[in-house]
Amino acid sequence: MDYDLSLVWLRRDLRLEDHQALSKACSESNRIAVIFVFDSQILGKLKSKSDPRVSFISDSIREIDNQLKKLGSGLIVLIGDPEVEVPKVAKKMKANAVFFNEDYEPSAKLRDNAVLKFLKEENIKGFSLKDHVIFSGPELNKSDGSPYKMYTPYKNAWLKRLTPSDYLPKKGDKRKFLASGNISSLPVIPRLEDLGFERSSILVRSHRPGRKNGVGCLNKWASGLPEYHKTRDFPGLSQGTSGLSVHLRFGTISIRECVRLCFKSPNRGTAIWLSELIWRDFYQMILDRYPYVVQGSFKRDCDKIVWEGSRANFKAWCEGRTGFPIVDAGMRQLNQTGWMHNRLRMITASFLVKDLLVDWRKGEAYFAEKLLDFDLAANNGGWQWCASTGCDAQPYFRIFNPVLQSKKFDPECKYIKQWVPELKSLSPSEIHCLSLGAPQQPIKSFKIGRDYPEPIVVHSHQKMRFLQMYKRGSN
């Protein structure tokens with residue numbers, strides 16, 4: 001073995017199974033200790049002291065600690081700046097190496113480079129490994145060596161390159177975990193209160209934390225996956241989507257597990273879901289290779305657009321009181337559960353940008369604050385796709401009509417009535433027409449403007465305004 005003692009630093013990969021860094025460390029080390037750092041800089045930026053993501057992480061690492069304790073070891077949990085804490089604990093424990101999995105966010109790359117630098121100064125080896133995606137960085141380039149900028153060519157190259165070895169499980173040796181007695185002054189897992197937080201009340205059932213729940217969700221999804229191509233766009237269906245986004249975000253399951261499921265019994269549903277997993281890789285690649293998208297438009301000319309939307313309309317959108325039932329349902333689901341169906345993410349984003357004429361970055365920031373499964377690459381990529389400022393072949397005139405979206409994907413208004421209960425007494429046809437303005441025929445015991453907000457804009461007018469605004473600003 002190359003190393004007597006190695007540390008495995010967990011970040012957005014909260015599991016001990018199918019874990020690249022852990023597998024590599026086990027193959028090159030006699031003994032392994034596992035560490036996690038609550039990043040005080042990230043925690044300090046969170047607006048809510050009951051942020052559900054902190055609860056999710058806390059519960060997930062407690063599960064890992066319990067797993068390690070059953071093996072006679074334990075999880076080392078630190079609080080502070082990882083650039084300081086990781087090298088410090090490695091030096092204190094006289095570790096020979098630190099293994100961790102890559103992260104493609106610009107701030108994370110700076111952090112990781114700093115950690116590697118400090119480890120080198122202490123003569124400790126540092127290793128950053130690919131785990132979060134199937135293909136990363138320059139593994140998928142165009143023939144001229146440049147990165148892909150459009151999804152379809154990227155997807156074709158991704159599928160062409162893929163072999164079973166790319167999604168084989170990464171196995172570790174649990175016999176190598178360092179005995180708890182050999183971990184000097186093993187820190188107690190901090191409570192949420194110790195971090196300055198309190199338990200969130202909005203963790204919904206499908207998003208329960210930890211590896212065990214992630215695997216259970218994946219196994220349950222296996223039965224619904226064959227019908228995914230039929231169910232994925234209908235938010236009123238309770239099992240229409242996988243519910244795995246938060247588990248992929250925090251790594252309680254691996255991307256390889258999801259890809260293996262797709263190839264276990266290929267069919268139309270699995271092909272569609274696989275294409276969405278490839279979208280995930282694509283957006284991670286875009287963030288990695290074009291980090292300027294964090295601050296501005298992928299299509300740089302679009303940064304010249306002057307957004308004409310009002311603060312009042314943005315506030316109404318955030319609160320789910322726009323007078324457009326499908327939009328309000330989506331925003332209320334987000335506010336109450338920390339999650340939103342993907343079809344609704346597209347509808348609400350398109351509405352904010354192309355109906356309310358609000359800068360997409362404001363919506364992106366709001367989703368970043370509220371989403372339990374928030375992932376910078378996917379959130380940025382999705383918002384820029386909806387705003388027509390991103391790496392998208394579709395031109396700017398793709399504008400969702402909220403009424404048509406409502407009729408097509410929630411025809412019986414089951415989803416709308418779940419999240420906008422004041423509309424329960426109305427028929428589907430009455431609900432679909434609310435955003436067109438006051439109904440021609442009075443609705444019994446219901447008054448628009450009193451029982452539900454009047455529509456804050458007229459879609460057809462705003463569509464024309466957006467087209468003119470976009471042309472002026474992007475040319």
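Mentor: Contact here means heavy atoms within 4.5 Å. Keep in mind that this is a predicted model.

Trainee: Leaving aside neighbours within four places in sequence, which residues is Ser-58 in contact with?

Mentor: Ser-58 is found in helix 3, residues 52–70. Its relative accessibility is 2%, and buried means under 20%, so Ser-58 counts as buried. Neighbours up to four places away set aside, its contacts are Phe-38 and Leu-192.

Trainee: How far apart in space are Arg-199 and Ser-58, C-alpha to C-alpha?

Mentor: Arg-199 sits in the loop between helix 6 (151–161) and helix 7 (211–224). In sequence, Arg-199 and Ser-58 are 141 residues apart. In space, their C-alpha to C-alpha distance is 9.6 Å.

Trainee: Is Arg-199 buried, partly exposed or exposed?

Mentor: Not counting residues up to four places away in sequence, Arg-199 touches Ser-50, Ser-55, Asp-59 and Leu-192. The relative accessible area of Arg-199 is 45%. Buried means under 20% and exposed over 50%, so Arg-199 is partly exposed.

Trainee: Which elements do the buried residues of helix 1 pack against?

Mentor: In helix 1, the buried residues are Gln-20, Ala-21, Leu-22, Ser-23, Ala-25, Cys-26 and Glu-28. That is seven of the nine residues in helix 1 (residues 20–28), so the helix is largely enclosed by the rest of the structure. The elements packed against these buried residues are strand 1 (3–10), strand 2 (29–39), strand 4 (97–101), strand 5 (125–129) and helix 10 (255–264).

Trainee: How do helix 11 and helix 16 lie relative to each other?

Mentor: Helix 11 and helix 16 (residues 376–387) pack with their axes 8 Å apart, at an angle of about 95°. Angles of 65 to 115 degrees count as roughly perpendicular. Therefore helix 11 is, relative to helix 16, roughly perpendicular.

Trainee: By class, which residues make up the contact of helix 11 with helix 16?

Mentor: From helix 11 come Trp-279, Tyr-283, Gln-284 and Leu-287, which meet Leu-376, Ala-377, Ala-378, Gly-381, Gly-382 and Trp-385 in helix 16. Divided by class, the contact has seven nonpolar, three polar and no charged residues.

Trainee: How do the residues of the contact of helix 12 with helix 13 divide?

Mentor: The axes of helix 12 (residues 311–319) and helix 13 come within 7 Å and cross at roughly 65°, which means that helix 12 is roughly perpendicular to helix 13. Helix 12 makes the contact through Trp-317, Cys-318 and Glu-319, and helix 13 through Val-327, Met-331, Arg-332 and Asn-335. These residues divide into four nonpolar, one polar and two charged.

Trainee: Is the crossing of helix 13 and helix 14 left-handed or right-handed?

Mentor: Helix 13 (residues 325–337) and helix 14 (residues 342–355) pack at about 115°, with their axes 9 Å apart. That makes helix 13 roughly perpendicular to helix 14. In this pair, Ile-326, Val-327, Gly-330 and Met-331 of helix 13 meet Leu-344, Ile-347, Thr-348 and Phe-351 of helix 14. The crossing of the two helices is left-handed.

Trainee: Is Leu-357 buried or exposed?

Mentor: Leu-357 is in the loop between helix 14 and helix 15 (360–370). Phi of Leu-357 is near 60°, a positive value in a residue other than glycine. With a relative accessible area of 1%, Leu-357 is buried.

Trainee: What is the relative accessible area of Cys-413?

Mentor: Cys-413 lies in the loop between helix 17 (402–409) and helix 18 (414–419). Its phi is positive, near 60°. Cys-413 is buried, and its relative accessible area is 0%.

Terms used. Residues are numbered from 1 along each chain as its sequence is written. This is a predicted model: local features need pLDDT of at least 70, side-chain atom pairs count only at pLDDT 80 or more; totals for chains, interfaces and linings use all residues. Side-chain values use heavy atoms; hydrogens and water are left out. Buried means under 20% relative accessible area, exposed over 50%, partly exposed in between (1.4 Å probe, protein chains only). Helices (H or I, at least four residues) and strands (E, at least two) are DSSP runs, numbered from the N terminus. Axes are lines fitted to C-alpha atoms, for helices over the stretch in contact, and angles run from 0 to 180 degrees between N-to-C directions. Angles under 35 degrees count as roughly parallel, over 145 as roughly antiparallel, 65 to 115 as roughly perpendicular and the rest as oblique. A crossing is left-handed if the near helix is turned anticlockwise from the far one by less than a right angle, and right-handed if clockwise. Ala, Val, Leu, Ile, Met, Phe, Trp, Tyr, Cys and Pro count as nonpolar, Asp, Glu, Lys and Arg as charged, and the others, Gly among them, as polar.
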